[in-house]
Amino acid sequence: MTEKNEKYYQAVMEHKQISRRGLFRGLLSGAKKTHQQAVVEPFTRLVARPPTAVDETLLITLCDGCGACEKACPQHVISMINGKPELHLDCNYCTDCGECQRACPTLALSNTCHSTGMIPVFSGSCRRMLYGYCDMCAADCPQQAIDLNEKRPEVIKDKCNGCGQCRTACPMGAISFALSPVTPKVQQAPVKDTSE
């Protein structure tokens with residue numbers, strides 16, 4: 001059997017035709033890769049961003065600072081700070097209506113993940129912790145992301161999108177926000193049922 005040297009491999013690489021075996025090997029290796037689950041890395045926002053903002057490094061590159069998202073926001077919670085959109089949830093909340101995403105001429109607001117990057121934090125002045133009967137934050141949460149099983153309200157992090165509606169509902173002003181890692185959800189293609 002002849003030993004394969006560098007010239008042999010160079011000739012194979014320059015060869016334009018593909019053998020049948022090579023074709024099927026390539027097709028099968030591609031098929032295996034499509035069935036593997038994609039690894040999704042969580043990212044942390046530097047500040048609160050509109051819900052569909054892309055990762056920070058990409059946003060800095062893509063966003064041209066036009067301000068179309070700020071003008072389109074019906075809740076007026078987006079402000080352009082240093083030429084980039086920031087969310088301010090002090091007096092209102094984000095309804096995740098999608099107007100900012102539709103108005104954006106670049107792909108800076110094209111993420112499929114709908115999270116502002118913020119998560120509520122409950123202070124000691126929470127009425128539920130003081131008196132034990134308030135549920136206004138949980139009742140107004142559109143994501144049902146607040147668990148009231150304990151005396152201190154707990155946030156269910158994978159449900160919370162950081163919209164700020166709980167803060168607006170709190171009569172005591174006991175809710176503030178902290179930055180939290182955002183884990184994009186990967187939607188997988190439906191699997192056909194072959195049992196029939």
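**Salt bridges and strand pairing in a predicted model**

The structure holds 3 salt bridges, each defined as a side-chain nitrogen of Lys or Arg within 4 Å of a carboxyl oxygen of Asp or Glu. Side chains of opposite charge can pair when their charged atoms come close. The model is predicted: local features need pLDDT of at least 70, side-chain atom pairs count only at pLDDT 80 or more, and totals for chains, interfaces and linings use all residues. Residues are numbered from 1 along each chain as its sequence is written, and side-chain values use heavy atoms, with hydrogens and water left out.

Arg49 is buried, at 6% relative accessible area. Glu56 is buried as well, at 4%. Here buried means under 20% relative accessible area, exposed means over 50%, and partly exposed lies in between (1.4 Å probe, protein chains only).

Another salt bridge links Arg167 and Asp90, at 3.6 Å from N to O. Arg167 lies in helix H8 (residues 165–169), and Asp90 in the loop between strand S3 (84–87) and helix H5 (99–103), so the pair ties together parts that are 77 residues apart in sequence. Helices (H or I, at least four residues) and strands (E, at least two) are DSSP runs, numbered from the N terminus. Arg167 is partly exposed, at 27% relative accessibility. Asp90 is exposed, at 56%.

Arg102 forms a salt bridge with Glu99, with the closest N and O atoms 2.8 Å apart. Both residues lie in helix H5, 3 residues apart, about one turn of the helix. Arg102 is exposed, with a relative accessible area of 58%. Glu99 is partly exposed, at 33%.

Strand S4 (residues 118–122) is mostly covered, with 4 of its 5 residues buried. S4 runs antiparallel to strand S7 (residues 175–179), and 5 bridges join them. Two strands pair if DSSP finds at least two bridges between them. Within this pairing, Ile119 stands opposite Ala178 in S7.

Overall, the protein contains 8 helices and 8 strands. Of its 196 residues, 32% count as buried. The protein exposes about 13,600 Å², of which carbon and sulfur atoms supply 53%. Accessible areas come from the Shrake-Rupley method with a 1.4 Å probe; for residues, only the protein chains shown count as cover. Among contacts (heavy atoms within 4.5 Å), those between residues 24 or more positions apart account for 63% of the contacts with a separation of 6 or more.
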